[in-house]
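Please walk through the side-chain contacts of the following chain.

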Amino acid sequence: MIDEPPRPPWQMDWTKQAQHDFQNMPAEGSDLVMSARAELITAEDPYFRGIDADASLPHWMTVRPLASTSPGGPHIVDLAGGRGWLIYTFMRRHADPQIVVTEAFWA
């Protein structure tokens, strides 16, 4: 038996507030959030570390650390040039890695 680390697709969980905010978004925002979700859960590294690691993302989506001093901490996905965003943390637990969305916003 080979003990390989888990691979995508990752699980995604939402805080209650983020889920509530997502459910109350207009269709334009929720459609982009769902597209961003698909990108995040299928990425080898949902933090898109490295030079041009996020070059394959759609033009309307950028990913960066929430604080440049914490590259392994929470990240933000900017949607549609800043009209909306998701803030999330990727927890690379060996048995059950997952992405936890703590904030969802659409203007």
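Which side chain meets that of Asp78 in a salt bridge? In this predicted model, the partner is Arg64, at 3.3 Å from N to O. Asp78 belongs to strand β3 and Arg64 to strand β2, so the pair, 14 residues apart, links distant parts of the chain. Asp78 counts as buried because its relative accessible area of 15% is under 20%. Arg64, at 40%, is partly exposed.

The count of salt bridges comes to four. Another of them joins Arg83 and Glu28, with an N to O distance of 2.9 Å. Here the distant parts of the chain are the loop between β3 and β4, which holds Arg83, and helix α2, which holds Glu28; the two residues are 55 apart. Arg83 is partly exposed at 35% relative accessible area, and Glu28 is partly exposed as well, at 46%. A further bridge forms between the side chains of Asp45 and Arg49, at 3.1 Å from N to O. Arg49 has a relative accessible area of 46% and is partly exposed.

The largest nonpolar core has 27 residues; Trp14, Leu40, Met61, Val77, Leu79, Tyr88 and Ile99 touch the most other members. At least two core residues come from each of β1, α1, α2, β2, β3, β4 and β5. Helix α2 supplies the largest share, five residues. Beyond four places away in sequence, Leu40 touches Trp10, Met12, Pro46, Phe48, Met61, Val77, Tyr88 and Ile99.

Aromatic rings form five pairs in the whole structure. Trp10, Tyr47, Tyr88 and Phe90 are linked by ring pairs into a cluster.

Key: Residues are numbered from 1 along each chain as its sequence is written. This is a predicted model: local features need pLDDT of at least 70, side-chain atom pairs count only at pLDDT 80 or more; totals for chains, interfaces and linings use all residues. Side-chain values use heavy atoms; hydrogens and water are left out. Rings of Phe, Tyr and Trp (its six-membered ring) pair if their centres lie within 6.5 Å; planes under 30 degrees apart count as stacked, over 60 as edge-to-face and the rest as tilted. A nonpolar core is a set of buried Ala, Val, Leu, Ile, Met, Phe, Trp, Tyr and Cys residues joined through side-chain atoms within 4.5 Å. Buried means under 20% relative accessible area, exposed over 50%, partly exposed in between (1.4 Å probe, protein chains only). Helices (H or I, at least four residues) and strands (E, at least two) are DSSP runs, numbered from the N terminus. Contact means heavy atoms within 4.5 Å.
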